[in-house]
Amino acid sequence: MRVALLVAACSLTLLPATARARGADGEFDQRRSSHFVLHQDVVIDQSGGLHGSRHFEQQVLVELERAYDALGEWLALRPRRRIDVVVYDPARFDAAFAGRFRFPAAGFYHGVIRVRGDTQLTVALSRVLHHELVHAALDAAAPTLWLPGWVNEGVAEWFEARTDGQREIGLRERAALASLARQGGLASLSALAMPSFAGLDARDAQVAYLQSYALIDYLARLEGERSLAKFLAELIQSRNLDRALHRVYRLDAATLEARFARELG
Ligand SMILES: [Zn+2]
């Protein structure tokens, strides 16, 4: 069950394939910062210079520390133990982990953050790092708590979008959800409470991630973005979803589900 929960903590975004000058050698370079230990095995021919592996490692660590600061500021989560982050060559990542998911995964957290890498710090890679950091931080804050999938994934999706400058869910995403709602195609909140989305096929996973993000976006609009930190703290402390929803939003899960569906029309 624990394994299911942790594997659930994954990210759906597909990173672009990178050109390979040579194969990854399976030997990971390691570098540390205040809160992270980075291991990387992406294919970069040289170690020095602007396009070298050292510069890439420094960029990734700076981005992770930036994410750490944002996490403390937005969600009041500040894991104390250093977090291991492994950045894989994309082909090696696929060969090692594709069987764990029924959709193309860009990364996952299972005690260690593992991401499908790139040879430079792209926006997509940065977003995956931000997303997985939320899972790592929630696990550090409440290692024995089963979070509902929609909370765990929804907050991770919200955080990666918010720290990328997106204040609310996009119009296109909202329209897609409204269309699903009209067709009766939304997932129920109890279905989204499953700790893992890893077993869903690509289409169902897409809906589950989007709807989870939209639910957290709904809560953020209801009482303000700052309410999310309070909600997570209440949930971690009480280990009771309805109690945490009631304390912060004066809602229970059933009412949240009904109002969310009504808002989508
Ligand atoms: Zn995730």
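The protein has eleven helices and six strands, where helices (H or I, at least four residues) and strands (E, at least two) are DSSP runs numbered from the N terminus. What you're looking at is a predicted model, in which local features need pLDDT of at least 70, side-chain atom pairs count only at pLDDT 80 or more, and totals for chains, interfaces and linings use all residues. Residues are numbered from 1 along each chain as its sequence is written, and side-chain values use heavy atoms, with hydrogens and water left out.

**Exercise 1. Work out how the radius of gyration of the protein agrees with that of a compact globule.**

Step 1: grab the rule, which is 2.2 Å times the number of residues to the power 0.38, with the radius taken over C-alpha atoms.
Step 2: for the outline, the C-alpha trace spans about 55 × 40 × 35 Å along its principal axes.
Step 3: for the inside, 52% of the 265 residues count as buried (buried is under 20% relative accessible area, exposed over 50%, partly exposed in between, with a 1.4 Å probe and protein chains only).

**Exercise 2. Describe how α4 and α5 pack.**

Step 1: find helix α4 at residues 123-141 and helix α5 at residues 149-162.
Step 2: take the angle, about 140°, and the distance between the axes, 8 Å. The axes are lines fitted to C-alpha atoms, for helices over the stretch in contact, and angles run from 0 to 180 degrees between N-to-C directions.
Step 3: name the arrangement. Angles under 35 degrees count as roughly parallel, over 145 as roughly antiparallel, 65 to 115 as roughly perpendicular and the rest as oblique, and α4 and α5 are therefore oblique to each other.
Step 4: list who meets whom, with contact meaning heavy atoms within 4.5 Å. From α4, the residues include His130, His131 and Leu138, and from α5 they include Val155, Phe159 and Glu160.

**Exercise 3. Where are Ala76 and Arg250, and how exposed are Ala76 and Arg250?**

Step 1: look at Ala76, in the loop between α2 (53-75) and β4 (83-88). Its phi is near 55°, a positive value in a residue other than glycine.
Step 2: with 46% relative accessibility, Ala76 counts as partly exposed.
Step 3: move on to Arg250, in the loop between α10 (241-249) and α11 (253-264). Phi of Arg250 is near 55°, again positive in a residue other than glycine.
Step 4: Arg250 has a relative accessible area of 57%, so Arg250 is exposed.
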